[in-house]
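Hi everyone, thanks for coming. Today I'd like to walk you through a structure, one piece at a time. Please have a look at it first.

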Amino acid sequence: MTKKNILLGIESSCDDTSAAIISDGYILSNIVANQSVHQQYGGVVPELASRAHQQNIVPVVDTAIKEAGIAKEDISAICFTQGPGLLGSLLVGSSFSKSFAIGMNIPLIAVNHMQGHIMAHFIKQVGEEKKQPKFPFLCLTVSGGHTQIILVKSVTDMTVIGETLDDAAGEAFDKSAKILGLPYPGGPLIDKYGKQGDKLKFVFGRHKVGELNFSYSGIKTSILRVIEKGVAENPNFITENQNDLCASIQHTIVEILIKKIMKASNELGINEIAIAGGVSANSYLRARLLELQEKYNKEVYIPKLEYCTDNAAMIAISGYYKLLEGDFADQTITPKSRFSL
Ligand code: KG4
Ligand code: ZN
């Protein structure tokens with residue numbers, strides 16, 4: 001019997017410390033430790049994030065190995081997020097991985113975080129048949145730091161064909177939530193309250209940009225104006241209209257995403273559409289995409305919720321494909337806060 005390729009993946013690019021084990025492409029465990037310390041500051045504080053990663057990394061790896069039911073000696077290779085992300089946070093994951101590779105005498109593999117989000121579509125689960133996107137496909141990658149449309153020709157050939165010129169979609173969710181007085185990260189809360197609201201109650205101005213690019217900074221200003229005007233007339237404006245405000249904000253942000261991915265799909269004649277990144281957890285975006293599938297004959301791929309936001313399973317599956325290609329890193333490798341695909 002041939003030996004299985006068992007990979008340990010490490011993700012530490014922002015404020016989630018995560019470790020996962022993948023065996024020949026099948027997920028065995030995926031542990032994520034969130035950092036609640038940032039909530040009170042309304043955003044991620046880089047220095048606090050790296051300290052929390054240092055505290056979390058060993059217990060998170062230990063739990064991932066135990067939950068997978070393997071011994072650390074069974075691991076064939078370790079892979080980690082090289083970037084993009086917060087440098088201090090990335091350093092914790094990369095230093096740990098380099099030491100682990102030396103200690104266990106196994107290969108080291110470096111993964112691009114954005115590639116990881118896309119590769120989440122290829123994670124397999126024992127006993128579960130899930131359709132996977134067929135190449136070439138388009139991936140709308142929407143997270144707290146990125147909003148991109150990527151043309152994915154193969155596991156290794158990915159090109160950015162459109163991106164935000166200012167804020168990312170997740171940032172637009174979080175900053176809008178902050179204006180409403182909601183804690184960080186506000187995206188999931190806008191999703192939650194928006195479910196009960198009227199999406200057409202408030203109209204927010206958008207900054208239109210050409211091609212397949214996006215712009216989200218104008219929406220924030222427009223939301224601020226609507227709120228200021230509303231509060232001036234009624235001090236309870238936000239609380240009385242919270243659900244409608246959330247639904248309208250969500251609708252505005254999501255419509256732009258839908259419009260651009262449809263444009264890309266029609267222009268390139270590619271009907272395979274995938275989404276990735278934290279914002280792909282948004283229930284309204286997921287529902288709108290499924291509508292496209294039915295109405296316009298598109299084939300839509302939506303990752304499981306746990307593989308939308310930052311996780312190490314997506315890093316481990318990327319590492320698995322790199323291992324098959326013999327694409328290894330050495331001990332001189334360093335993290336990159338900016339790292340394009
Ligand atoms: O991919 P991710 O976990 O981290 C980055 O690499 O940025 O994405 C985090 C982003 C945050 O902006 C968060 O508010 C947003 O994803 N997010 C959501 C939802 N869940 C997470 N935005 C809208 N609706 C959600 N359900
Ligand atoms: Zn991410």
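**The zinc ion and its neighbours**

Let's begin with the metal. Along the chain, the donors of the zinc ion, ligand 2, follow the spacing H-x3-H-x192-D. Before I go on, please keep in mind that this is a predicted model.

Which residues coordinate the zinc ion? They are H113 and H117, each through NE2, and D310 through OD, at 2.0 to 2.2 Å. Now look at where two of these sit. H113 belongs to helix 3, residues 113-119, while D310 is in the loop between strand 10 (299-301) and helix 9 (313-325). The pair is 197 residues apart and links distant parts of the chain. Are H113 and D310 buried or exposed? Both H113 and D310 are buried.

Next comes ligand 1. The residues surrounding ligand 1 number 19, and the closest are G144, D174, D191, G278 and D310. In the side chain of H113, an N or O atom is 3.4 Å from an oxygen atom of ligand 1. For H117, the distance from a side-chain N or O atom to an oxygen atom of ligand 1 is 3.2 Å. G170 takes part with its backbone: an N or O atom there lies 3.3 Å from an oxygen atom of ligand 1.

How much of ligand 1 does the protein bury? On its own, ligand 1 exposes 550 Å², and the protein buries 89% of that. Helix 3, helix 4 (169-179) and helix 5 (187-194) are the elements that give two or more residues to the shell. By type, the shell around ligand 1 has five nonpolar, eleven polar and three charged residues. Domain 1 (6-128 + 308-325) and domain 2 (137-303) each supply at least three residues of this shell.

V226 lies in helix 6, residues 217-233. Why does V226 count as partly exposed? Because its relative accessibility is 21%, and buried would mean under 20%.

Compare Q82, in strand 4, residues 77-83. Q82 has 9% relative accessibility, so it counts as buried. Its side chain reaches the backbone oxygen of T334 at 3.0 Å.

Methods: Residues numbered from 1 in each chain as written. Chains lettered and ligands numbered in written order. Predicted model: local features only at pLDDT ≥ 70, side-chain atom pairs only at ≥ 80, totals over all residues. Heavy atoms only, no water. Donors = N, O, S within 2.8 Å, 3.2 Å for Na, K, Ca; no water. Helix = DSSP H or I, 4+ residues; strand = E, 2+ residues; numbered from the N terminus. Buried < 20%, exposed > 50% of the residue type's maximum accessible area, 1.4 Å probe, protein only. Near = heavy atom within 4 Å. Polar contact = N/O pair within 3.5 Å; in protein donor to acceptor, adjacent residues only side chain to side chain. Areas by Shrake-Rupley, 256 points an atom, 1.4 Å probe, with all protein chains shown as cover. Nonpolar A, V, L, I, M, F, W, Y, C, P; charged D, E, K, R; others polar. Domains from an automatic or database assignment.
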